[in-house]
Amino acid sequence: MDIAVTKKKLGLKERYALMTRGLGWEPTYQSVDDVFPMDSFEGIKIHDWDAWEDPFRLTMDAYWKYQAEKERKLYAILDAFAQGNGHLTLSDARYINTVKLFINGLAPLEYMSHRGFAHIGRQFRGVGPRVACMMQSLDEMRHAQTQVHAISNYNRYYDGMANFRHHHTYLPYLQVPRSFFEDAASGGPFEFITAIGFAFEYVLTNLVFVPFISGAAYNGDMGAMTFGFSAQSDEARHMTLGLEVIKFMLEQDPDNLPIVQKWLNKWTWRGVRVLTLVAMMQDYMLPKRVMSWAEAWEIYFEENCGALFRDLARYGIVMPPCVEQVRKERDHLSHMAWCQFYQARGTNNFHVWLPSKEDMDWLSAKYPETFDQYYRPRFEYWAKMEEEGTPFEAATPPQQCQVCQIPTIFPVAGDPLTRAEHSCTHDGERFHFCSQWCQEIFEDEPEKYVQAKLGAHELYKGNLFGDADPTAEDFDPMAAAMAFLKLTPEDSGLHSDSRDAANFDLWRGLAKANEA
Amino acid sequence: MQMDLKTVNIEPKRRSYAHVAARIGAEKLASRYQEGTFDMQVEGPQHYRPLWDPAHDYFDPDRTRIRMQDWYAFKDPRQYYYGSYVIARSRQQETAESAFAFVESRSLADAMPTELRETALKLLLPLRHVAWGSSMNNETTAAYGYGAAITQGALYYAMDQLGIAQFLTRIGLLLDQPEALETAREAWLHDEAWQPLRRLVEDLFVEKDWFEVLVAQDLVLDGLLYPLIYGAIVDNVLAMQGGSAVAMVCQFQSEWHAEASKWIDAQVKAAIKDTGANGDLIAGWVRKWRARAVSALLPVAAIALGDGAEEQMDEVLADFDKRLAKLGVSA
């Protein structure tokens with residue numbers, strides 16, 4: 001009989017290493033640089049991929065088990081919400097426009113993220129980070145699909161969501177989030193993970209998550225709230241991965257510091273610019289508000305990220321200089337954005353409205369330095385025009401920033417009554433920017449940003465007319481563009497005139513009243 | 001007892017998203033697979049060319065020579081979207097877990113004839129590297145494929161292969177000491193028996209056409225490896241010689257391959273059906289990689305079968321060629 005040999009007990013860390021990096025090997029039949037051709041051109045120097053600390057230790061069997069439990073619960077709630085006409089328990093029909101912003105602006109980015117993480121999950125030559133990126137790629141597929149599934153039921157009853165695929169690809173305002181993500185994805189693998197894994201998912205994540213998900217909870221949207229909370233444990237993993245990558249790069253070689261700092265500067269600014277949409281949603285679109293953009297910025301950026309950057313200071317990282325301007329714009333951002341969307345409401349796929357007196361009192365309490373002085377008079381004037389039957393509406397497309405693609409609506413920092421104008425010439429052509437920070441990003445990689453397809457330019461170039469014949473005698477360019485964009489009158493305009501508002505009231509009436 | 005519960009009945013404005021309705025008909029209710037898959041990837045103009053591949057758009061159908069009129073013809077017969085995928089795998093994982101627990105609690109590994117256990121370890125443990133290679137090669141399609149239908153399926157395959165590499169690692173820890181994994185790695189890197197297979201896997205790492213990688217890896221290599229190693233050797237030969245404990249802890253792999261081959265078969269069929277010229281390309285790829293896979297797998301099979309390897313391979317090949325014929329691939 002064999003003498004039983006006692007099995008060595010492996011520690012968690014050792015065991016996980018065998019389950020992941022132990023699987024890899026250094027190829028000899030092909031050169032390592034040919035197998036992983038993309039992880040060195042950005043100039044990031046990695047000397048020892050084995051020094052990578054796994055940010056979490058999840059093997060596939062455990063992953064399948066935990067995630068399946070979450071999915072079972074989530075879909076049970078989504079089904080119940082749909083069956084019970086959960087949309088009629090919302091605080092107010094205006095809330096549905098938040099859902100529209102989400103499906104049109106954010107859900108397609110989750111699929112982009114799945115592809116981006118698949119790409120770097122193939123390209124990093126260290127097995128540890130590759131495995132972590134593969135899992136995130138899979139999680140992002142989850143988020144794309146759970147969002148599409150959760151919002152599917154809203155789409156059955158309300159406008160502005162049915163064409164989210166087409167609108168995300170073509171509608172000018174949605175090029176703000178789309179170009180943001182494509183910018184990151186078309187960068188090298190290290191820039192991508194700095195942009196998305198760190199700047200967006202770590203530094204700015206709470207500024208997205210809290211307004212949307214707490215906003216959903218506050219306004220009776222059980223469906224969106226549930227997928228948000230269900231995604232939270234995935235996001236916790238994504239955050240630790242993002243932070244680990246930053247530390248790894250900085251610890252591997254001092255030459256990485258200026259590259260990483262440049263990316264942090266760029267992506268903090270790009271991220272905050274995209275969050276303009278969130279700031280507006282938070283201050284103007286939620287019928288029952290969670291907190292103001294200014295309050296969220298104080299808690300989630302100034303306090304939390306202040307501590308983060310102090311922690312990174314030991315590597316030589318400093319707070320991105322653009323933050324100074326973000327602070328100065330803090331009390332203007334959401335107001336300027338809502339004014340812009342109000343004026344351009346004919347080309348939105350969600351509805352807008354003027355803030356009520358009660359809304360405006362809330363806004364002046366939250367923004368005592370700016371609201372009454374600069375924005376209340378404008379809203380009151382527009383309200384008067386609406387009453388008189390001549391509502392104000394912008395008739396031409398605005399000038400957009402070549403980098404962030406937001407209309408150049410921002411004032412000079414510290415001088416709210418002067419519009420900021422920045423431009424430079426490249427290859428004999430003039431390019432415009434919303435700010436010095438977007439201009440710096442352009443000047444660092446002009447050959448990249450000259451490719452951007454700005455909505456207004458695409459319209460004037462005739463790229464938004466579909467099959468219509470611009471030489472025809474009765475050619476109506478705006479009508480052709482609307483048809484190509486698949487933007488219907490039901491999708492746009494004022495909330496009070498909308499089919500959504502009328503239906504919501506009718507259906508809610510049915511749900512509350514008794515038949516005679 | 002039947003109860004009639006009354007709810008407010010309101011008429012929906014539409015049944016699904018417009019891009020889904022355009023594919024299935026406006027009157028149809030969409031499945032979660034359809035809503036979570038169709039047109040999830042941007043098609044049309046993109047803002048910037050990738051710095052890492054300036055010759056292509058970020059999403060570009062030209063990263064393969066396969067041509068498709070409809071990239072969403074790559075449907076998954078299992079209709080896996082994320083939720084149904086993880087739920088299916090969590091069930092299989094539970095079964096595997098109880099098999100590992102059963103073998104461990106009854107010390108079945110120790111009850112195995114020593115020689116048989118050594119053969120099993122020699123055969124199975126280097127395969128964890130092969131599975132990891134398959135995972136990487138499917139990650140290639142998840143990253144560079146075109147359309148959400150195929151990238152989604154390929155990512156699930158990549159994660160499954162990572163899972164299999166981890167189950168094989170656990171088999172090593174169950175049947176032996178952790179050092180056994182190091183011995184197996186040495187064999188993978190240096191033993192003659194493994195070198196043709198390692199060369200094949202590494203050659204696929206640098207192959208640029210993602211659909212060729214998919215055909216070579218999922219249809220050909222895995223299509224021969226799983227029936228040969230798990231079907232013929234583990235479930236039959238080793239089990240007959242007292243190694244049923246090994247067969248128990250490999251159950252995940254056998255069941256998985258039966259299911260995953262339905263997926264890859266559907267992808268190949270869809271490509272051939274969509275555009276005639278795809279058939280010739282695929283047949284050429286199958287011919288090229290089939291010959292290499294056979295010669296790479298023979299010395300591996302010989303670890304367990306000795307001189308009987310060739311005969312066993314012939315049987316596996318006969319089945320494989322029937323499978324190809326059904327797909328319309330004339331190899």
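Here is a short chat about a predicted model with chains A and B.

Biologist: Hi! What should I know about numbering and cut-offs first?
Modeller: Residues count from 1 along each chain as its sequence is written, and chains are lettered from A in the order in which they are written. This is a predicted model, where local features need pLDDT of at least 70, side-chain atom pairs count only at pLDDT 80 or more, and totals for chains, interfaces and linings use all residues.

Biologist: Thanks! How many helices and strands are in chain A?
Modeller: Chain A has 23 helices and 4 strands; helices (H or I, at least four residues) and strands (E, at least two) are DSSP runs, numbered from the N terminus.

Biologist: And how much of chain A is buried?
Modeller: Of its 516 residues, 50% are buried, meaning 20 or more other C-beta atoms, placed from the backbone, lie within 10 Å of a residue's own.

Biologist: Switching to chain B: how many residues of chain A are in contact with it?
Modeller: 67 residues of chain A are in contact with 68 of chain B (C-beta atoms, placed from the backbone, within 7 Å).

Biologist: Which helix gives the most to that side of chain A?
Modeller: H6(A) does, with 14 residues.

Biologist: Nice. Which strands of chain A form a hairpin?
Modeller: E3(A) and E4(A) do, with 2 residues between them. They run antiparallel and 5 bridges join them; strands pair if DSSP finds at least two bridges between them.

Biologist: Which residue is the bridge partner of A:His426?
Modeller: A:Glu429 in E4(A). In the turn, A:Asp427 has a positive phi of about 55 degrees.

Methods
A residue is buried if 20 or more other C-beta atoms lie within 10 Å of its own, exposed if 12 or fewer, and partly exposed in between; C-beta atoms are placed from the backbone. Two residues are in contact if their C-beta atoms, placed from the backbone, lie within 7 Å.
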